[in-house]
Amino acid sequence: MTTLFGWLLSFAQAVFYQRRLATIALMLLSLLTFGTIGYMVTESWSVRDALFMTVITLSTVGYNEVHTLGLWGELFTIVLIILGVGGAAYTFSAFTNYIVAGELQGVLRERRMLREINLMHDHYVICGYGRVGRQVAEGLRENNCEIVVIDHDETLVPELEREGISYIIGSSANDELLI
C-alpha cells in the first residue's frame, strides 16, 4: 500500500508541475493578448506596434512609447501595468524556480528511472542499501548483473545516482513495490 501511495504521490506531483507550467503559459499568453488588443482598440495601432508596446510594458524594459498615447491609452497602460507586472513577474519567477530548483529535472529523472527498471529482465532486487546491501550490490555489479535497490531512505538517492544504480524509494516489505 505504501508503494502505491508513493507512486500516486509522484504522479500527482508531475501532473501538478505540468499544470502549473500550463497555467503560467496561459496567463502570460492572456496578458500579451489582452495588452495587444487593448492598444489596438484604444490607440488604433497595428498588431506589431500594439504587441511591441505590450511586451515592453510587461517586461518593464523602459523604452519610450511606440507612439504618443492618448488619455485612454494612458489609462489602459496603467491597468496593464497593474495586472501585467505582477503576473509577468510571477510567471518568470515560477518558471525560473521550476527549472533552477530542479523540479523538472527530478520529475524527468524519476520517469527515466522507472522506464529503465521496467525494461529490465533477469535482474536482482536488493532490499535495503545498508552495509550488507552495498556489498551485495558491489559484488553483483562486478559480475555485470543488473540490479535495482529498494530502500526507504531518501538520503541515499545522491549516492545511488552517483554509483549509477537503479533504485526505488519505498518499503521492500511491500509486495506491490517488489512486483
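Asp49 counts as buried in this predicted model, because its relative accessibility of 15% falls under the 20% that marks the limit for buried residues. Its salt-bridge partner is Arg48, and the two side chains meet at 3.7 Å, taken from N to O. Arg48, by contrast, counts as exposed, with a relative accessibility of 66%, which places this residue over the 50% cut-off.

How many salt bridges are there by this rule? The count comes to three, and they are set out below.

| Salt bridge | N to O distance |
|---|---|
| Arg48 and Asp49 | 3.7 Å |
| Arg134 and Glu159 | 2.8 Å |
| Arg141 and Glu163 | 3.7 Å |

Arg134 and Glu159 form a salt bridge in which the closest N and O atoms are 2.8 Å apart. Because Arg134 belongs to helix α5 (residues 131-142) and Glu159 to helix α6 (residues 157-163), this pair ties together parts that lie 25 residues apart in sequence. Arg134 itself is partly exposed, with a relative accessible area of 29%.

The side chains of Glu163 and Arg141 also meet in a salt bridge, at 3.7 Å from N to O. Here Glu163 lies in helix α6 and Arg141 in helix α5, so the pair ties together parts that are 22 residues apart in sequence. Are these two partners buried, partly exposed or exposed? Glu163 is partly exposed, its relative accessible area being 38%, and Arg141 likewise counts as partly exposed, at 34% relative accessibility.

Conventions: Residues numbered from 1 in each chain as written. Predicted model: local features only at pLDDT ≥ 70, side-chain atom pairs only at ≥ 80, totals over all residues. Heavy atoms only, no water. Salt bridge = Lys/Arg side-chain N within 4 Å of Asp/Glu carboxyl O. Buried < 20%, exposed > 50% of the residue type's maximum accessible area, 1.4 Å probe, protein only. Helix = DSSP H or I, 4+ residues; strand = E, 2+ residues; numbered from the N terminus.
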